[in-house]
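Have it open while you read, and go through the points in order.

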Amino acid sequence: MKTKDILIALFISIVALGALIVTNNISQNKKSQENQENKLSESFLVAQEKTFDFGTISMAKGPVTHEYVITNTGGRATLVRTLYTSCMCTQAALQTAEGTFGPFGMPGHGFIPAINAAINPQEQSRVIVTFDPAAHGPAGVGKIGRSIILENDSGAPVELRFTANVTP
């Protein structure tokens with residue numbers, strides 16, 4: 001009887017130890033996957049301001065412009081692949097040490113080519129945005145909001161936004 005009890009206890013111990021090892025491996029794999037996902041969702045491109053308000057602007061006075069400053073805070077060069085806007089009334093250009101790329105507009109309203117412009121570590125670049133309040137005609141009055149998106153190889157796209165109150 002003693003041998004049988006010892007074998008049962010040994011078997012239970014081996015099963016418990018195996019379950020512990022499997023649980024630990026699953027936990028470590030999940031943490032590793034979460035770390036990879038966090039790295040992918042972080043972008044090395046950081047905007048000093050992500051939103052801007054033009055305030056009240058008149059269609060009659062024509063287009064308005066604003067510059068966003070972005071910095072590569074990472075330890076390697078970041079490649080900006082594309083730059084586009086959320087509406088045809090908005091155009092954006094990227095100004096880097098390599099030169100100025102654009103202006104680019106809304107996908108579907110013209111060809112949006114690849115930029116593939118490098119922004120070196122700790123280097124600042126500018127996104128120059130021009131909004132035409134008259135682009136939508138008389139129906140385009142009131143509060144508006146638009147986006148500018150920079151797709152890059154460092155992680156999540158950088159989204160810049162602006163608002164305006166358009167008057168005739």
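1. To get our bearings, in which helix does Ile8 lie? Ile8 sits in helix 1, which covers residues 2–41. Bear in mind that this is a predicted model. Ile8 counts as partly exposed because its relative accessibility is 43%. Together with Phe11, Ile12 and Val15, Ile8 makes up a nonpolar patch on the surface, and the four share about 410 Å² of accessible area.

2. Now the overall layout. Of the contacts with a separation of 6 or more, 69% are between residues 24 or more positions apart. As for burial, 34% of the 168 residues count as buried. The chain exposes about 10,100 Å², with carbon and sulfur atoms supplying 58% of that area.

3. A word on confidence before the side chains. The average pLDDT of the chain is 86, and 89% of the residues score at least 70. Which elements have the lowest and the highest mean pLDDT? Helix 1 has the lowest, at 69, and strand 8 the highest, at 97. Over residues 37–41 the pLDDT stays under 50, and the model has four contacts beyond four places in sequence for that stretch. Where pLDDT is low, the predicted coordinates should not be read in detail. Please keep that in mind when you go back to the patch in point 1.

4. On to charged pairs: how many salt bridges does a search of the whole structure find? The search turns up three. One of them pairs Arg126 with Glu67, with 3.6 Å between the closest N and O atoms. This pair links distant parts of the chain, since Arg126 is in strand 8 (residues 124–131) and Glu67 is in strand 3 (residues 64–72), 59 residues apart. Both partners are partly exposed: Arg126 has 33% relative accessibility, and Glu67 has 38%.

5. Asp153 and Arg76 also meet through their side chains in a salt bridge, at 3.7 Å from N to O.

6. Arg161 and Glu159 form another salt bridge, at 3.0 Å from N to O. Arg161 is partly exposed, with a relative accessibility of 44%. Glu159 is partly exposed as well, with a relative accessible area of 34%.

7. Last, the cysteines. Searching the whole structure gives zero disulfides.

Technical notes:
Residues are numbered from 1 along each chain as its sequence is written. This is a predicted model: local features need pLDDT of at least 70, side-chain atom pairs count only at pLDDT 80 or more; totals for chains, interfaces and linings use all residues. Side-chain values use heavy atoms; hydrogens and water are left out. Patches are made of residues with over 30% relative accessible area and no salt bridge: like charges are joined within 9 Å, nonpolar side chains (Val, Leu, Ile, Met, Phe, Trp, Tyr) within 5 Å. Accessible areas come from the Shrake-Rupley method with a 1.4 Å probe; for residues, only the protein chains shown count as cover. Helices (H or I, at least four residues) and strands (E, at least two) are DSSP runs, numbered from the N terminus. Buried means under 20% relative accessible area, exposed over 50%, partly exposed in between (1.4 Å probe, protein chains only). pLDDT is the predictor's confidence in each residue, from 0 to 100. Contact means heavy atoms within 4.5 Å. A disulfide is a pair of cysteine sulfur atoms within 2.5 Å.
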